[in-house]
Number of protein chains: 4
Amino acid sequence: MKENNFKINEHYLKTAISDIKPNMISTRGYNQEELIEHISFSDMIYLLLKGILPSKKDGKLFNRILVSFCDHGATPPSTQTARLISSSGSPMNSAVAGGLLSFGRNHAGAIEKAMNLYQNAINSLNLTDDVDIDNQQIVQLAINIFNSYNEKNKKFPGFGHRYHDIDPRASKIMDIAITEGFVGNHTKLAFTLENLLKDNKNIRLNIDGVNAALLSDLGFNPKLGLGIFMIGRVPGIVAHVYEESIDEEEFRKFCDLDDIIFKD
Amino acid sequence: MKENNFKINEHYLKTAISDIKPNMISTRGYNQEELIEHISFSDMIYLLLKGILPSKKDGKLFNRILVSFCDHGATPPSTQTARLISSSGSPMNSAVAGGLLSFGRNHAGAIEKAMNLYQNAINSLNLTDDVDIDNQQIVQLAINIFNSYNEKNKKFPGFGHRYHDIDPRASKIMDIAITEGFVGNHTKLAFTLENLLKDNKNIRLNIDGVNAALLSDLGFNPKLGLGIFMIGRVPGIVAHVYEESIDEEEFRKFCDLDDIIFKD
Amino acid sequence: MKENNFKINEHYLKTAISDIKPNMISTRGYNQEELIEHISFSDMIYLLLKGILPSKKDGKLFNRILVSFCDHGATPPSTQTARLISSSGSPMNSAVAGGLLSFGRNHAGAIEKAMNLYQNAINSLNLTDDVDIDNQQIVQLAINIFNSYNEKNKKFPGFGHRYHDIDPRASKIMDIAITEGFVGNHTKLAFTLENLLKDNKNIRLNIDGVNAALLSDLGFNPKLGLGIFMIGRVPGIVAHVYEESIDEEEFRKFCDLDDIIFKD
Amino acid sequence: MKENNFKINEHYLKTAISDIKPNMISTRGYNQEELIEHISFSDMIYLLLKGILPSKKDGKLFNRILVSFCDHGATPPSTQTARLISSSGSPMNSAVAGGLLSFGRNHAGAIEKAMNLYQNAINSLNLTDDVDIDNQQIVQLAINIFNSYNEKNKKFPGFGHRYHDIDPRASKIMDIAITEGFVGNHTKLAFTLENLLKDNKNIRLNIDGVNAALLSDLGFNPKLGLGIFMIGRVPGIVAHVYEESIDEEEFRKFCDLDDIIFKD
């Protein structure tokens, strides 16, 4: 008998997302005709990812998260990658696919890291579902995170922004979350951690950090963090690729001979 | 002096999509804070792609188009590609990117072809903006298209569906378009062409075909056809990749030794 | 009975490339153990693509073609795309995949276009296999191509280079082809066309153009043009991604705020 | 002063791979004309990746490693992904790129893991360059690895094969390595570990495992493991995509309605 062997998968696919029969398509138990007629695109996304429709309040928040991810101009490497690929004459889907491949450890990875950070911290308290955490506990968790990252000299995921001292998207969503009563345990923790980091290091939550906390309060698995970000950002990338493709210039390069230094 | 030479691009990027300044982000002239607070994700997409916000009526239609593209279960090759890549342990963005690469000539290409078909036909009439085409002209255009495709034995883009005699999404959107007064010139042409094809070949508009007509009436360039489809479909692909990644099975393959025939 | 319908593929794969049985792998009829022991990588590639091993002379030429495609420093958009993706912390395979997506209409597309051009021209003569074309015919074909491209003001595929008046790789391979007796009909046509273009437009064959002619003489289908180019270029891209990944810099961008012009 | 901030890269690229000047291309200090005339494709790859040309003996081994990676028929998920994408009508480069995206944690990841395993073990001995390790030390390292993986119930990277009890490529390369005097410290360790695993678990080195050891003896960084594998495998993927594209079938799917199980 061998070990280290590989399972041979049987030849079928199981899925709980959509059921397809001749002349019938249903998603998560709802007939697609009804969904097309009645729900918003952002609720449809929530339904696809969570398996249930959001409450009105949750749907409103999720919509805002998606809007806030939509575009950061031509500055992100992913957007520049997509434009670079498009300028070489590749089709729209290749350019967008290439843009997505730029979401690596240093770009857009912060959402999942921050979701893991907040969810692991809150989970460590073993709360029962309906109990609200008390503020003392939150402060202690934030201090623990602060100390642990400081000791290891690690970057705090979801904090700081290349171009903005105060990320205007993050501030806006934080304001709305407070005004509309959306501050769950994960968001409380994020806000508390921000207070520590503002005072001690002069850095604040960025849009990834705030949304990571809110998505955690909405019950999303950290494994979906990058996926939700991509759903939000693909429209921006499509807009940039389209702009690039109708532009008169061809064959963009970001460095030309004079910008390339040969060092042997 | 040489010909056939290549332009060397200068080192800058021009964009009209978003303006980024320290602590300030605006898209198409609107402050992102305002957009986050007030508009739906689907209106944000419209704004990114068209440069202006939709009217309430246009926004409602555009939202339905996006919802209708969201998912067709595990049947599309793109979704299967994404799940296949995910099952080999690649990250979410690689799996989604791979899925997008499956949108080729035979899959999702119909939207742009249909948009070109309808827009070229309508443009050929050189209508001034505010004149409604008369029904005689529409019928004639449809007959011309029908004959021309038949002679060359070409597939009608946006017609027929692998699994559905009647694509339930297409019927639903057609009903809504009629009820809510959304039948512009391109859609009239599509419906007229469908009548010919229903009678003569027993095939009907599918979701790509109907949406191609409606997007044309909304004023979208055919070059954006695949982009809008991808924006609509990425949520479905993300849901499938997530489902695959939390599933217990590893390393899916669609053919195993017994399914592979070696022919020398 | 419906038309415009789609075939449902049966669930199997036919292949003539390699035969896999437990503890046995053979490629194009040769046991892989023998291939590993006895043949060069470039002969193995020839075998995979053509189904037969090359003659010693053909193998030598094919090897040179592959070497000549290997690297053009950090200047190509594909290489820059791959480095951009790598600098965002994405894995090696994502960066290389992104680089490949840059081979569009304006970059690396010339090989296939040139192969089609030469092969269509030569095929139009309906030569029997063993007859050598006479020089008058070649000259006439070249003149026809020259006039036809000029009239339509089209770029000649495989001619001219952004950085080189004389592409040193192209000159070298042309010299070798002449010295070693490698000038078949397609290459004769390419050389004749070059004479016209040198005199009239001061442009010469680049490496894509020469290799397109030689690959045509070797009997490769134009559909393999980009594939062979990619096989040759992937080593260079891997070297660049590796260099980028061990470099100290993170998160490269080709345009920063000052390089991005917002035009509303 | 802020922390957690991001460096803004200056706008240039440094590279030591190739130097490009008008009408001059040199790679790693060698004029490309000379390389094209005189060296094999596999030596060129070695030069690109290591910065120096191989000795005759090392070059021969490296060539065999590349040949051994070339193709495993239509069985690998990466090859199936590439064929799936091609069958939807996407271009060659998209299909190959999609195939590469399938090299995840569960597929082709073993090479880098095995290189790290062997190199970390050998490095732990702090040998000076010219000292050969003694067999007692090797055996002890192998036992340590064996125990440590067993305790954690981890898969041994580079061991076992889905279809082969004895991977014929691995056996062949091992034979050649022994006959031609190619067993350095890393390979000794791999062989010793195999003896333990053969006796205790009835599993053997596969092609990834043997090549990981040999590449380590050749001095390659583990970060290049997947890159070298891809260079070897891309020719096979190109051959499969070409075969798929000239095949009569369109729009392959690996599961059809009957193979998809909806579980709500």
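## Basis

This is a predicted model: local features need pLDDT of at least 70, side-chain atom pairs count only at pLDDT 80 or more, and totals for chains, interfaces and linings use all residues. Residues are numbered from 1 along each chain as its sequence is written, chains are lettered from A and ligands numbered from 1 in the order in which they are written, and side-chain values use heavy atoms, with hydrogens and water left out.

## Interface of chains A and B

Chain B brings 88 residues to the contact, and chain A brings 88 residues. Contact means heavy atoms within 4.5 Å. The buried area is about 7,700 Å², with 64% of it from carbon and sulfur atoms. Buried area is the accessible area (1.4 Å probe) that two parts lose on being put together, summed over both.

Two salt bridges cross the interface. The rule asks for a side-chain nitrogen of Lys or Arg within 4 Å of a carboxyl oxygen of Asp or Glu. One of the two joins Lys172(B) to Glu37(A). Their closest N and O atoms are 2.6 Å apart. On the side of chain B that touches chain A, helix 11 (residues 225-246) of chain B gives the largest share, 16 residues. Helices (H or I, at least four residues) and strands (E, at least two) are DSSP runs, numbered from the N terminus. That side of chain B divides into 44 nonpolar, 23 polar and 21 charged residues. Here Ala, Val, Leu, Ile, Met, Phe, Trp, Tyr, Cys and Pro count as nonpolar, Asp, Glu, Lys and Arg as charged, and the others, Gly among them, as polar.

## Hairpins in chain A

Strand 2 (residues 18-21) and strand 3 (residues 24-27) of chain A pair antiparallel over four bridges. Pairing requires at least two DSSP bridges between the strands. Ser18(A) stands opposite Thr27(A). Two residues lie between the strands of this hairpin, and Asn23(A) takes a positive phi near 60°.

Strand 3 of chain A also runs antiparallel to strand 4 (residues 30-31) of chain A, joined by two bridges. Ser26(A) faces Asn31(A) across this pair. This hairpin, too, has two residues between its strands; Arg28(A) takes a positive phi near 50°.

## Ser86 of chain A

Ser86(A) sits in helix 4 (residues 77-87) of chain A. Ser86(A) counts as buried because its relative accessibility is 8%. Buried means under 20% relative accessible area, exposed over 50%, and partly exposed in between (1.4 Å probe, protein chains only). Leaving out residues up to four places away in sequence, Ser86(A) touches Ala95(A), Val241(A), Glu244(A) and Ser245(A).
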